[in-house]
Structure formats: structure tokens, C-alpha cells
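Here is a short tour of a multi-chain model, taken one chain at a time. Please keep the structure open beside the text as you read.

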Amino acid sequence: MNSLFTPALLLLQGSMLDNMSEGVLRPDLSKFLIIAALLFAVGVAGVLTRRNIIVIFMSIELILNAANLNFIAFSRYLQETGHANAVAGQVFTVFIIVVAAAEAAIGLGLVIALYRNRETIFVDKIDLLKW
Amino acid sequence: MHRYIWLVPLLPLLGAAVNGLLGRRFRFSERLVGSIGVGSVALAFLISLAAVVSYGQNVWPRPYVTSEDGAFSYTWIPGGAVELTQGEAERARAGGAAAARGQGSVLDVEWSYQLDALSSIFMLIITGVGLCIFVFATGYMHGDKGFYRFFAYLGLFMFSMLVLVMGSNFMMMFVGWEGVGLCSYLLIGYYFDRREAGDASRKAFITNRIGDFGFALAVFAVIATFGTTQYTAVFEQASSFPVETMLGATTWGIMSWIALGLFVGACGKSAQIPLYVWLPDAMAGPTPVSALIHAATMVTAGLYMVTRCNVIFQHSQAMMTVVAVVGALTALFAATVGITQNDIKKVLAYSTVSQLGFMFLACGVGAFVVGIFHVMTHAFFKALMFLGAGSVIHAMHHEQDMRRMGGLRKYMPKTYWTFFAGWLAICGVIPFSGFWSKDEILWNAASTEYVSGGWLLWLVATLAATCTAFYMTRLMALTFWGKERFLEVRAGGQADEAHAQAYADGEAAAHTAESPSVGDRPHHGPEERVGAAHALESAALGEPEGVDARGHDIHDRHDPGDAAGHGHHPHGSVLPHESPRSMWVPLAALAVLATVGGLVGISPAFAGGAHVGGKLNIVNWLDPVIWNPATGQFGKHTPAQVSALAARDKQTAGHEAARQEGSHSAPLATRTDDEHVAPVAGGEHAPSGGEHAEAPLPYGGETRFNLAHSVQHLLGDSHAAAEWFFIVVSLLVAGFGIWLGFLFYVWRPHLPELWARRLGPLYRASFNKYWVDELYGALFTRRTMDAARGVYATDSRVIDGAVNGAAWLTRQLSRFTGNADRLVVDGAVNAVAGFVKLLMSPLFRAAQTGLTANYGLAMLLGLVGAVGLFFGPEIWDNLKSVIGNMFAFAF
Amino acid sequence: MVLHGWESVFFWVFALAALVAGLLTVMARNAVHSALFLISALISVAALFVLLGAEFIAGVQILVYVGGVMVLFLFVIMLVNVGAEEREQEELFNRPAQVTAAVCFAALLVFGLFYAINQSAGRFLPDASEEAPAAARGERLRRAETRVSNISEDTQRVGSSLYRYGALPFEIASVLLLVAIVGSVLLARTAKQELAADDVDPLAVSDLSAAGELTPAEIEAAARRAHADDVWEQSKS
């Protein structure tokens, strides 16, 4: 039975605990990436599970923001390690924001046109793709 | 007090802003608008009066620039490097200090005001005469819907004009220059629903643009030559430039170019040949505007500028000649046109052009001071006459045709007597103001050393003066004396029927309309345009010439709701009446000025051969502004006097040093007096004639034929006698003109028609203003229109054609690609689809749900697969080891 | 690149806020609530940007997203709000199978990504500034004293980079925005607004009249305009 808990004890006492507390107290690049990944996953889940097309659009914004967070984090990382063009990530983010704004404008225009024609904003009611 | 001159332009601007921005929104009453306008100008006048007095006591003869004193300045256009590219040769020849100033400079344009002998006079004229006109306008514009607008424009105009004359550099002058142009445009087009007013305003604006172009070029040349725009710096540098004389090394150099540009600008603004055409048409504006802008102030801007830049002009003998010749020609030309005009304001307009010609003549012959003197007296009497004409027009229910007036003396005595004073002044009857200045101009033309052929200029000017006396007497006779023709004309006749009908129409339209709009008043047909050539036959009394007059009557009137109670029945109770107090009080004030205003420049001949009165004499007052080519200094001293002054300065300085050592409390003001005022106030020192006789010729060379000198020689070498001779001649000339006027229009009223027939071609030429408008129309206006039409055609055919052709091409291409798409691409896709359908229909049909979420899920699957492809084996290995460990621990 | 002290505290606060707000965005029943939670998430991410030293991007994020895009979202929500979800008459999510699959795959993805991040975390390059963080911070203080703020410097660098290396994409982005504007206007037009234009396609008129959406007068007016267009074209050729 003793041997059964050994990994758990190791987990609690050993270097793994130190690593974890170190990671929490002094978050580095990887923590940003993890947060971004989680945001991304939440956004993806929203896109795939919701029926309301507007909420789907909002989830897409969330996904784009996760990508932005990655870009900015790497930009900072490169800045501090002194490698490559440090602000390229920020420039990219600007373009992503522009594209997001354009996407929102067009998408919401589509939503209005859709609502006017079909009187619904639920994606599962819109299945013209299946002819 | 002179530290506060920056308030002078500011106050009218504030008044204009309040009236213009709030007047309509808050429906200011006429009383409020009037008091804001009049109050701001009155305050400005008081401040400028106090400032000038204090300047005269403390600072004169030095110019006072607010930025140098720290009283008011603002770097308007901060630092720009300027490379001096012009006038290198001149600068090198001027040598020494000027050359050492280097080839580059930093151009800082300040917004600061300059008070000196010249601008002080203009400030007083503008605010003083302006005040009279503002007061008059409160009466004249009574009942007009745009009352607030009118006063806003007037105030803005005052501001611009004050900036023009008070600015301390060329840039500020340019701002004022354009500002008065704009305000002139706005005010001429004040009745913007009238076609002729709109046309006239555009004409004025465009004509002025031509002049402004020259002015702008001159300013650029000034910057390129001197690297600064500040007057004091420019003129100080310019003084050391070599003079460009007809006989000297350089006849036409950079100074001549600058002077030419400046003079083109002056021609535009001051209505000289060939750019005078806008001024007569500008009479389409309300009469106070004509008085303020087109007689008293704005048109004198050119004079101001020429006098301000007299250093530059005097550096170019060629340009001096041009100025004198243009001035003399304009004086005669406009005077002859004025003889035959029937519209009372037109006569005054041509008279203004003619008088401006006199002023330029004075400048051209080197008598800048006298030119300014005439500006001043002219401002008094011409403003008076314009306002008097306004009063007459007001009384005649906006009738402007003199042939429908007559005998008004009985009905409006106050207007008559004030106008009488103005008439005597402009004719040049001693001792009215016009006499003094005009006599000085004629004398200076005859005795000038600046240009050759002064006697010819004198002859032309004397002829113009005769014409002036004649047409002014004609105006008086037709308007105030003789039969009361308005009774006859109104009594009946076809034209009058139409007139009454049109008036009723206009009144009805005005009653129905709420706000001034284009549809408010009837439009003019093209045949009714001002300036259309009138046939000689129409000159007969009451004939269709009335078309024009009727137009005026309908449109240039007050709102029919006029409380004065005279606007209602123009064809019923026709008797004219005296104008209200707000209108005749300014008239009286101006009449007093027109009578005695000339005494500040009383001829030396009347005062023992000297310019008496010290600083109070305009000649002495302006002396420090005028450059003297003989000495290369400012002020008209002979070289001997200059050296004496220098010696005295040195002495004073030594004295000063001694006094400084003794006590440090020596007041600055007294020192100034010692150094400058005393010697120059001793401008009484020498009789001007003596100066002329002894002074070396300003441009060197040999003595040419000089009328004044010849006369002097004939009269036994007595300068005073020569001067008296010319005074008597000018008086005789005025008397002859008046006598002729009486003969034609009072004693023998049939004579005008007879002579008009006898001198048919001449009469027609004068009546049609020598067809200059038609000539310009054919030469320039129509060419411009043709060019515009050509450009439009190019635009619509070539450019639009290219665009439309590109569109057509695109459409054809897209039709082609559309067909290709439908046949080839769609065909291929359909073929593949048919093939797929045939083969694996059930499987794919199940996968295609048509729901976006499902497709998204597939994408996610792909993403997971991608991650798995990279890390899958690793993850799997780790998992295996973990699970293996767990099993190992468990067992 | 390591955050210290209060920075790490703020990092966790905002990271968790972003995650929770994102989750609530996806879960909220009312679309307006969704939008508000999304705003919170975006602001939290903007705060993370600030922690990362990208102040300019944080400002852009708040201005463009929160100030512009989200307002647009709210407008559209108000325009098309059906309210059926709130009244629980309509199902919030897709069919259970789809939801389950989606969540499973998302979790799998997160798992894979975590693994990848953890694997590479050790391989990240050493932090150059970590050797002398105090010096770096001291330098930053000195810079503050010279009144050249970090923000303006950062923004300047982004700007110069944007115009130096990204000029062409920048122009393309502006064209994209223009197209988006025109496109959304076109998309949101109603049939009547469509007909009010002078360049209406005759085919569109016939389609609309066949659908019975137009009064005869409107059809006639549109046909007249279309005809006038033809006449104009003929006169051109």
C-alpha cells in the first residue's frame, strides 16, 4: 500500500512542488501561453456548442484574443532576450485587431440580413448548405 | 496709452463676433446690434485717439512696435530658414554691413502692431470716419432683415483694415489686405439675392485677386531679398541698397520688381487703371458700405502701402514714373466718365477713382506726405458725400437716378448744407479741406524732381480737377437745385406704371417670406444687369433707363415694414423728407471735418513759407516715415541738415553722458525729446521751396524742364510767388469748373443735350465708360469662359470616356469570364459531383449535415490531429510509462 | 521573461478573470450578458498586455474592441434579439452529441497544448535581463525621469515598425476596412433601400416583384430609373 502513494508523496514534497510554486509566484512565458491556450479552447468550445450566431461571433473574438495574447507574449519574450524584431508581434496584433473589426462589421451585417430574411439567428436552423 | 493699441483692432472684431455669431440665434434687436457695433468702434476710436496723443508726446518720431516694447506680441509663424536668393548683387554693391548680414536668415513672423506717424493717421481716419458711418448705418439700415449681419460684416471690415494699417510686417498687411477684400466681397454682395450685387461682388473679388497676386509676389520677393517681413528691418536694409535710376547703372533691379508687385496690388485695391473696374460696380452694396469701404478706407489701402514702402518705391525711378503716370491717367479718365453718369452713386464712385488717381500722382512725384494728406481730406469729404447721397437715396425711397431728383434743397436742408460743404471741398474752394491737399498735389506735380515731365502730369491733373469741379456741380444742380422732377416723373407714364407694379410685387414677396432668401425678391433678367450698355436715346428723361433705376428701387430698399413710415407708398406720398437724426448727425460731424480738416496741412505760402504748427502739421508729422533719396535717411533733410543733426546728436550724447554721470534719474522721455523731436520739429527750419531749390536732385542727373522752376524764374526767382501762382491757377480752375456746371445745369438747362449731340462720340464714350467693361469681357472674361468650357469638355469626353471605356471593357471581360466559368469550371465541378454522387452517395450525404457546428467540429478534429501528429508519440510514450509505473506500484 | 512581485499577482488575477469571463461568455443565457462578459474578458486581456509591456496594443484593444466592436455587437443584439433563449423556450446549446464531441476535442486540444508548452518551457532562451533585473529597472526609472515614458517609446517603436516593414499590409488593411464598411452597408440594406439607388439591377427588380415585396408604383419607379440608365448608356455609345 505504501508504494501506492509514493507518486503522490513525491508530488507533494519533491522538486515538482517547488517547480509549481515557482511557476505560480514567478509566472513566465509558458504561463501566458497556457492562459492563451485555455482562452482559445473556451472560444472553440463556444463556437462549436452555441446555437446563437451572435454568441458564436463573440467566441471567435475570444479565439482571436487568445492569438493576440500569444503574439504579445512572444513579442515581450523576444524583446527581453534580444532576439529578432521584438515589436513584430505587436504589429501583427494590430493587424489582427483590424481584421477582427472588419470581420465583426461584415459578420454582423450578415446577421442582420439573415434575420431579415429568415427571422432566426440560430445556426442549426440555417442549413442551406445541405441542399 | 500707446501700449494698448492692440485693443484697437480687437474691439471691432469682438463686436463683429458678438453680432455675427449671436445676433441671429438670439434675435438681437436693432438697438442692441447697433449699440454693440457703434460702441465697439467708438471705444476703438477713443483708444486710438489717446494712443496717438501719447505716442506723439512720448515716442514720435520713432516707430513704436508693440513686440519690441513687450506690450503685445505673438510669434505667429515661428522660425523658418530663408536663404536670401534675391538682390545679391545689390547687397554686395551696398557693401559692408548689409553684405555681412549673410546669405541666410530665419524668418519669424510676429503678430505685433506698429504705431508710427503713418499708421496713426490711418487709425484715426478709419476709426473716426468709421464711427460716423456706423452711426449713419444704424439709421440707414433700419428695418433691414440682415441688420445684425450687416454690422458683423462692418465690424469685421474694421478689424481687417486696422490690422492692415497697424501690422508691423508685410504678412500682417497681407492678412488685412485679404481681410478687407473678403469683407468688401461680403458687403457688396450684401443683397445677395440680387443678381447684380452678386455679380458686382464677384467682380470686385476677382479683380482684387489679380492685384493680390502681385502683392503676394512682392511679399515673397521681400522675404527672398531681406529675409524678414518686419517693416523696420526691411526698410533699414532697403535704405542701403543702391538706387535704381533711369540713368544709373541699374534701371530695373530687384527693388523695381518688388515695387512693381506692390503697385499691382495697390492698383487692385485702390482702383487704378487697369484694375479700377470693380469700384463703380461695387455701388451695388448698401450706401454706408460705399462710404466706408469704397471711399474712405479700403480703397486707400493701396496708398497706405505705397507710402509705407516709399523706401522701396523711391529706390526705383522707373516705378515712381509708372505710379505718377497711372495716377494722373486714372484721375483724368475717371473724371471724364463721371461727367455723364446719371446714377448719383456712380458719379461718386468715379469721383473716388479719380481722387485716388490724384493721390497716386502725389506719391509718384515723390510727395508721399501730400498723398496721405489727400487721403485724409478725401476720407472726410467723400464719406460725407456718400453718406449725403445715402441720405438722399433714403429720402427718395431708393431712387438713385439723378434725373428724377432736383430741388431737394427745400425738403432736406440739413443734408443739403452738409453736402454743400463736401461739394466745395472736393471742388477745391479755399479754405475747404480739399483745396489744401489738391493744391499741394498740383504744386508737387509741377515742381517734382523725381520724374521728368512733371508739367505734363500737372496739366493732366489740372484738367481732371476742372472735370471734378464740373461734374460735382452737375451733381449738386441735378440733385438739390432746379425743378422738382420727381413730381413730374411720378405723375404718370408707362414706365412708372410698371415700376409701381413691380414694387407692389416685390413688397408682396417680401411680406410672405420669413427670412432673406434668394426667392425673396424678384430676379433680374439679364437685360437689367448693371453695366449694360444704354442707348443714347434712353438718356431722355424717364425713358427705359428706368429699368435700371427700377431695379434699384425694388431691391435696394428697406423692408416694407419700415417703421419710419416712408417705405409704404413710394408712388403715393412721394415728397422726400429729412433723414432721421442718426443719419444727419454724422453728416454734420463730417461736414465740419471737411471744412476745417485741411488746416493741418496749410500751404507754406499762407504761413510765411514754412510748414507751421510743428508736429501738428501733417507734413512734419509724417516726415520721419519718408525716406529721402538725397540723403539716404528717413526724413526730408538736406545733407547739410543731416550732418548738423548728427553733430547735434553727438553733442547731445556727450551732454547725455555727462548728465548720466551726474545723476541716473534723467527721465527717458525728455532725452527722447532732446534728441529727436526738437530738431525735427524744427522742420519749420527751412521753407520747403528753399529745400526744393537747394536740394540736389533725388536721382542725380541733369536738371530737366521743370514747370515750377520756370515759373519761379519768370516771377523773379521768388519761390513764394511761384507757389502763389499755382494756388491762383488751381482756384481759377476750380472756379471755371463750377461756372461751367452752373452754366450747363442751372442757367441754361438745354445746353447738356445740345452738347451731348454735338460731341456725340465723346459723349457716348464717356457715358459707356469707354467700353472698358465690354473690352475686358471680350478679352478676358469670355476667354476664361471658353477655357473653362474646353476643360469641361475634356473632362466629360476624355476622362469620363476613359473611365466609362474601362468600365465597358471590364463588363465585356466579365461576360467572357462568366461564360467560361459557367461552361468550363461549373461543368468540371458538376462532372466531379456527378461522379461522386454516383459512387459514394450514401456516405458523403450523411457527412454533409449542412450545420456549421459540425463543420467546425471537423476543423477542431483536424487541429487536434495536428497536435497529435507532433506530440502524439511522445505523449503516448509518457502515458505508457506512467501507466506502467502505476501498475508497478500497484503490484 | 519572468514577472516579479505584484506583477505576478496581477497576472493571476487578470488571467483568471479573463478565463472566467470567457467561460461565462460562452455559457450565458442572455446574449447581452454574453457581450458584457466578453467585454470583461477583453479588458482583462488588455491588462495582460499591459503586464507584457505592450501598452499601445492594450489601448488599441480597449478602444477598438470595447469601444467599437462590442458596441456594434450590442446594437445588433438589440436589433435581432429574439428573447426565446431567455424564456427557456429555445435550447441554448446544440444537440448533446455535438456538445459532447466538441468539449471532448477541446479538452484534448488543451491537453496536447499543455504538453507542448511544458515540453518547450525548458528550452526557452535564457532571459537576458534576468541577469541584471535591478539595473534594467533602474534604467527604466531614469527614463521616466527624462519624461520619455515607456508608453510613448513603445508606441513609437510599434509605429515605426508598422510603417517601415508593414506599410503594404497597412494599406491593404485600410482597403479591407473600406470593403468591410461598404459590404456591411450593402448587406444591411433592405429591398426598398436597394431600389432607391439609381443603379439598381433590373434583375433584382424582377426578383423582388416576383417575391411580391414591392408595390406596383415602386416597381414602375425602379423600372423607369433602370430605363433611364439604359437610355443614358445608349446616348454614350
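## Chain B as a whole

Let us begin with chain B, in which buried residues make up 48% of the 891 residues. Keep in mind that this is a predicted model. The secondary structure of chain B comprises 35 helices and 8 strands. If you look at contacts in chain B between residues at least 6 apart in sequence, 80% of them join residues at least 24 apart.

## A closer look at B:F226

Is B:F226 buried or exposed? With 27 other C-beta atoms within 10 Å, B:F226 is buried, because the cut-off for that label is 20 or more.

Which residues does B:F226 contact, once neighbours within four places in sequence are left aside? They are B:A233, B:V234 and B:Q237.

## Chain C

Turning to chain C, you will find 10 helices and 0 strands. Read from the N terminus, its elements accordingly run α-α-α-α-α-α-α-α-α-α.

Of the 237 residues in chain C, 24% count as buried. For contacts in chain C with a separation of 6 or more, 49% are accounted for by residues 24 or more positions apart.

## Where chain C meets chain A

How many residues does each chain bring to the contact between chains C and A? Chain C gives 75 residues and chain A gives 67 residues. On the chain C side, at least two residues each come from α1 (5-27), α2 (31-51), α3 (55-80), α4 (96-121), α6 (150-165) and α7 (167-188). The largest share of that side, 12 residues, is supplied by α3(C).

What kinds of residue make up the side of chain C that touches chain A? There are 55 nonpolar, 16 polar and 4 charged residues.

## A helix in chain A

Finally, have a look at helix α5 (residues 88-118) of chain A, which has 31 residues. From its first C-alpha to its last, α5(A) reaches 43 Å, close to the 45 Å expected at 1.5 Å a residue. Just after α5(A) comes A:E119, where phi is positive, at about 55 degrees.

Technical notes
Residues numbered from 1 in each chain as written. Chains lettered and ligands numbered in written order. Predicted model: local features only at pLDDT ≥ 70, side-chain atom pairs only at ≥ 80, totals over all residues. Helix = DSSP H or I, 4+ residues; strand = E, 2+ residues; numbered from the N terminus. Buried ≥ 20, exposed ≤ 12 C-beta atoms within 10 Å, placed from the backbone. Contact = placed C-beta atoms within 7 Å. Nonpolar A, V, L, I, M, F, W, Y, C, P; charged D, E, K, R; others polar. Expected span 1.5 Å × (residues − 1).
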